[in-house]
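Please look over the model below before reading the briefing.

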Amino acid sequence: MADPVYALVDCNSFYASCERVFRPALNGRPVIVLSNNDGCAIARSNEAKELGIKMGAPWFQIRDLEISAGLVALSANFALYGEMSRRFHGIISSFVDPSCYSIYSIDEGFIEFTQFTKNFDATEMAREIRHQVYKLIGLTTCVGVGRTLTESKMANNLAKKNPELNGICNLVTMSLVDVESYYQSMPVDEIWGVGRKYAKKLNDMGILTVLDLATSNPNRMR
């Protein structure tokens with residue numbers, strides 16, 4: 001039996017990116033999408049994140065950035081996002097048998113790649129997926145590849161935050177030296193399933209990064 005391999009494909013700043021597909025003039029500008037009744041930010045472009053805008057930030061608190069930083073705030077268009085999601089998942093699922101693809105959220109999906117590892121390279125597949133999604137619907141994506149769903153989720157996170165990876169992080173084939181380096185830079189609370197409560201408990205134990213957790217004594221963790 002081949003070792004398990006999973007890939008997580010995730011759109012970047014999905015709501016804001018959908019808006020940019022139909023409004024190209026927004027490219028390069030800080031963009032946020034607001035919740036129902038324009039209450040708070042529920043999506044942020046990278047440029048908006050660089051302004052320090054947090055997810056869930058109340059609109060009235062950041063409204064001054066419209067003038068001072070050129071921030072563009074848009075009311076949510078959930079019909080548009082739903083249709084773009086349908087197209088996105090349709091493209092991804094066309095790469096494998098439907099039984100090997102699981103929709104995780106409106107802009108994320110897991111591919112169980114294990115049975116294809118003998119004949120196909122996961123990194124090459126990830127590169128082709130990114131190309132096709134951008135070509136067909138204009139959305140940029142990141143792909144994380146790992147031995148478990150959690151590891152592929154972490155890989156995707158690394159792909160988003162490290163430009164040198166060019167949108168793809170394959171932790172299965174990456175050298176152990178590089179894996180340790182990335183894990184050392186990744187806070188433990190960025191692991192899928194580790195929330196504030198667990199993160200605080202781990203931090204109190206001296207476990208601050210993913211590498212700290214990965215090298216911890218299993219008995220102590222239990």
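**Helix α1 and its surroundings**

Helix α1 packs against helix α5 (residues 78-93) at an angle of about 95 degrees, and their axes are 10 Å apart. Axes here are lines fitted to C-alpha atoms, for helices over the stretch in contact, and angles run from 0 to 180 degrees between N-to-C directions. Helices and strands are DSSP runs numbered from the N terminus: helices are H or I with at least four residues, strands are E with at least two. This is a predicted model, in which local features need pLDDT of at least 70 and side-chain atom pairs count only at pLDDT 80 or more, while totals for chains, interfaces and linings use all residues. Residues are numbered from 1 along each chain as its sequence is written, and side-chain values use heavy atoms, with hydrogens and water left out.

**Packing of α1 and α5**

- The angle makes α1 roughly perpendicular to α5; this term covers 65 to 115 degrees, with angles under 35 counted as roughly parallel, over 145 as roughly antiparallel and the rest as oblique.
- On the α1 side the contact is made by Phe14, Tyr15, Cys18, Glu19, Val21 and Phe22, and on the α5 side by Phe78, Leu80, Tyr81, Met84 and Ser85; contact means heavy atoms within 4.5 Å.
- By class, this contact of α1 with α5 has 9 nonpolar, 1 polar and 1 charged residues.
- The nonpolar class is Ala, Val, Leu, Ile, Met, Phe, Trp, Tyr, Cys and Pro, the charged class is Asp, Glu, Lys and Arg, and the others, Gly among them, are polar.

**Burial**

- Helix α1 is mostly covered, with 7 of its 9 residues buried; buried means under 20% relative accessible area, exposed over 50%, and partly exposed in between (1.4 Å probe, protein chains only).
- The buried residues of α1 are Phe14, Tyr15, Ala16, Ser17, Cys18, Glu19 and Arg20, and they pack against β1, β2 (31-34), β3, α2, β4 (72-75) and α5.
- Tyr15 belongs to α1 (residues 14-22) and counts as buried because its relative accessibility is 17%.
- Beyond its neighbours within four places in sequence, Tyr15 touches Val33, Ile42, Ala43, Phe78, Tyr81 and Ile106.
- Ser85 lies in helix α5 and is buried, with a relative accessible area of 8%.
- Leaving aside neighbours within four places in sequence, Ser85 is in contact with Phe14 and Ile106.

- The largest pocket holds about 830 Å³ of space.
- It is lined by 29 residues, and those closest to its centre are Asp10, Cys11, Ser13, Lys49 and Lys160.
- A pocket is an open set of points on a 1 Å grid over the protein atoms alone where a 1.4 Å probe fits, with protein on both sides within 12 Å along at least five of seven lines; lining residues have an atom within 4 Å of a point.
- Grid points are joined across faces, edges and corners, and a volume is the space filled by probe spheres set on the points.
- At least two lining residues of the largest pocket come from each of β1 (6-11), α1, β3 (41-44), α2 (46-50) and α7 (149-161), and α7 gives the largest share, 6 residues.
- The lining of the largest pocket has 11 nonpolar, 8 polar and 10 charged residues.
- The second largest pocket has a volume of about 280 Å³.
- Of the 13 residues lining the second largest pocket, Ser17, Arg20, Asn27, Gly138 and Thr140 are closest to its centre.
- The largest share of the lining of the second largest pocket, 3 residues, comes from α1.
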